[in-house]
Amino acid sequence: MKNKNLHVSKGTLTSAIGIVCNILLAASKITIGLVFGLVSVVADGFNNLGDCGSSAVTLVAFRISEKPADKEHPYGHRRAEYIAALVTGFFVLFFAVELVRESIEKIVSCVLPEASWIIYLVLAISVVIKAGMFVFYRIVAKKLQSDSLKAAATDSLCDCIATTAVICGVLIMQFTGFSADGWTGILVALFILWQGVKIVKEASSKLLGQAPSAELLGKIKEIICSKEGIIGVHDLRVYNYGKDMVFSTVHVEMDATLPSLEAHTILDMIEHEVKDTLNVSLTAHFDPIDLQDREALEIESRVRDAIEGIADEIELHDFRLVRGAINKVIFDVEVSYSCKKTDDELRLSLEKAVHSVVDYQALITIERK
């Protein structure tokens, strides 16, 4: 409970600081921009005003994400932070589009605005503050593992670069007489647009169910395979519902003659170690392997050799031999999503490969990994 309250309080404080800083920056830039007729400065100010909204969304998200699980949301509310990051991304995109529109109008009007030392002062202070906010957001986001604060840090970096570009545009205008204000605005807008797309893409991917990292999968498999009596691992699945809410299921192959209590003890030990080490709630399923059935083991080995090369990274598991009026081999295969063949094409190729080594009916389940 202490860590939970600390997470909320730090997230709330960080968002509140962001709101205050952005309001002050927005007010000063919009005022100066309107007084001196600089569209890029006004647009930069409205960009800061938009950041106030995204900071407010982040603040609300922290409160929602720490709500306990309930009947409607049995896995908690941690994905609220992904939604906050997504909203932040939309704010960034909106102001990028607005900045393009304002910049084009400025280019068409061909009006040369007035420059003053106070413009440089306000913009320079803005760069320093935004750079500080970027560092501050990054540090807190890393500590709290917060996607919404990470997005806010990216947004602050965009603002820092954008304001620097605005300063350059005003300098060019003052010393050359060329109205670079509008062109600078377009360049800044394109950069902000690119960053906004990245934020939206990453947040959307996590909301849709982003694949787990290869590192996490490797660590889970390493823990499982380190235990005595483990023959193999397959069907490892990971489901992420936000920070500290990660669940996983896996099939663990062990000797079929192993007493059920002993098998349960091993699986229970694995589940606890994965939870304690990786903070992942694992549910392990016992897959019995009959090591005494020599015929089945031999046929499985021949089938493995026969199907090799049909698809990249192909893996066979859950192999069974069913004897009767019609002998059958039953197994699952995993293939990569990058495999261009359809499931029907793969099944046909696999069946041909099986029949080339044994005259058994093949019942094959195809899984994408």
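**Exercise 1. Find the strand that holds D318, then work out its phi and whether it is buried or partly exposed.**

Step 1: D318 sits in strand β4; strands here are DSSP runs of E, at least two residues, and helices are runs of H or I, at least four, both numbered from the N terminus. This is a predicted model, where local features need pLDDT of at least 70, side-chain atom pairs count only at pLDDT 80 or more, and totals for chains, interfaces and linings use all residues. Residues are numbered from 1 along each chain as its sequence is written, and side-chain values use heavy atoms, with hydrogens and water left out.

Step 2: Check the backbone. D318 is not a glycine, yet its phi is positive, at about 55°.

Step 3: Relative accessibility of D318 is 23%, so it counts as partly exposed (buried is under 20% relative accessible area, exposed over 50%, partly exposed in between, with a 1.4 Å probe and protein chains only).

**Exercise 2. Classify the ring pair F319 and F331.**

Step 1: Start with the tally: the structure holds three aromatic pairs (rings of Phe, Tyr and Trp, the last by its six-membered ring, with centres within 6.5 Å; planes under 30 degrees apart are stacked, over 60 edge-to-face, the rest tilted).

Step 2: For F319 and F331, the centres are 5.9 Å apart and the planes meet at 20°, so this pair is stacked.

Step 3: F319 belongs to strand β4 (residues 315–322) and F331 to strand β5 (residues 328–335), so to speak distant parts of the chain, 12 residues apart. Both F319 and F331 are buried.

**Exercise 3. Which residue lies over the face of W194?**

Solution: Pick K198, at 4.6 Å from the ring centre of W194 (the rule wants NZ of Lys or CZ of Arg within 6 Å of the ring centre and within 35 degrees of the ring normal).

**Exercise 4. Where is confidence lowest, and where highest?**

Step 1: The protein chain averages a pLDDT of 82, and 92% of the residues score at least 70 (pLDDT is the predictor's confidence in each residue, from 0 to 100).

Step 2: The lowest mean in the protein chain is 72, in α2, and the highest is 94, in helix α8 (residues 260–278).
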